[in-house]
Amino acid sequence: MTTDIQTDVFEEHRPVLLGVAYRMLGRVADAEDVVQEAWLRWSSADRSEVREPRAYLVRITTRLAIDRLRQVKARGETYVGPWLPEPYVTDFGDTVQDTAERAVLADSVSLAVLVVLESLSPLERAVFVLREAFGYPYGEIAVMLDRGETAVRQLAGRARRHVDERRPRYEVDPTQRRDLTERFLAAAAEGDLEGLMSLLAPDVRLVGDSGGKAKAPLRVLETADHVGRFIVGAARKGAEDLSWRFLEINGGLAVLALSGGKPDSVFQLAVLDGRVQAVYIIRNPDKLRSLATV
């Protein structure tokens, strides 16, 4: 296989590899590092015995991601305040034609699901991602992870039960989410607390991720009154040169706030029964770097 061909093969599968790595790690930079390491291994490997390049590359990427997850857990890293995944711009475009498959991929990369996946073991997370998001058969997953198929099925069942028990249920209607997001922005900008609270579910939650590097609540806020007052107060103190852009983040509509043209924060609403059930705000500057060129 010539250098040009091996590069073309790898680039063909890069989106899938990045998708696997990001769902495993919840961090764009880490996922890109893992994919780069997969490229180095691919470029130096004896590919004469590789019959299925995609399966081979996914196996390498998954194992590298597992190793990185284990390193993170072994270091016992602490995080200041609530944790959310790094925002991941999702644009499936023409690569996913089937609407059902698109919905599965979007759900598997949603902020709510990725938060739950953080509580799985590295192996459980790998099995869940490969099975639920990418539809790999148990037998292929077993080969990728060098585990017996029975063990893989047990890991999959345990992971699925865990996710189902903890995953919040939200609606994904893009039109409804867009409408609520625009009304939410308008009420916040006008300081209309009553109008804002009319959009919020009584038990709404606000999760703000700053990593201690920007202003955001260091605990999860709950109830419409607390969340509404915080949003109105934050809007009043906002930068004068603040601008907004809509984009798709983690499978759903989100708002990128720019200050002086630079990413300041990302927020996304989770919706159910016509009300906002959760507000996710990401302000950690380390997690916004990848959005500087969006």
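Before we start clicking, one term: a polar contact is a pair of N or O atoms within 3.5 Å, where, within protein, one must be able to donate a hydrogen and the other to accept it, and residues adjacent in sequence count only if both atoms are side-chain atoms. You're looking at a predicted model, so local features need pLDDT of at least 70 and side-chain atom pairs count only at pLDDT 80 or more, while totals for chains, interfaces and linings use all residues. Residues are numbered from 1 along each chain as its sequence is written, and side-chain values use heavy atoms, with hydrogens and water left out.

**Stop one: R125.** Select R125, which sits in helix 6 (helices are DSSP runs of H or I, at least four residues, numbered from the N terminus). Is R125 buried or exposed? R125 counts as buried because its relative accessibility is 1%; buried means under 20% relative accessible area, exposed over 50%, and partly exposed in between, using a 1.4 Å probe and protein chains only. Now show the backbone oxygen of M24: a polar atom of the R125 side chain lies 2.8 Å from it. Contact here means heavy atoms within 4.5 Å. Beyond neighbours within four places in sequence, R125 is in contact with residues including R23, L69, L114 and E118.

**Stop two: M24.** Hop over to M24. Leaving aside neighbours within four places in sequence, its contacts include T62, I66, P122 and V129. M24 and L117 have the most contacts inside the largest nonpolar core, a group of 51 residues. Such a core is a set of buried Ala, Val, Leu, Ile, Met, Phe, Trp, Tyr and Cys residues joined through side-chain atoms within 4.5 Å. Among the elements giving it two or more residues are helix 2 (28–44), helix 3 (53–75) and helix 7 (138–145). Helix 1 gives the most, with nine residues. Apart from this core lies another, of 22 residues, L180 and F267 among them.

**Stop three: helix 6 against helix 8.** Colour these two helices. They pack at an angle of about 85°, with axes 8 Å apart; axes are lines fitted to C-alpha atoms, for helices over the stretch in contact, and angles run from 0 to 180 degrees between N-to-C directions. That makes helix 6 roughly perpendicular to helix 8, the word used for 65 to 115 degrees.

**Last stop: W39.** Finish in helix 2 with W39. Not counting residues up to four places away in sequence, W39 touches Q6, T7 and F10.

Note on methods. Parallel < 35°, antiparallel > 145°, perpendicular 65-115°, else oblique.
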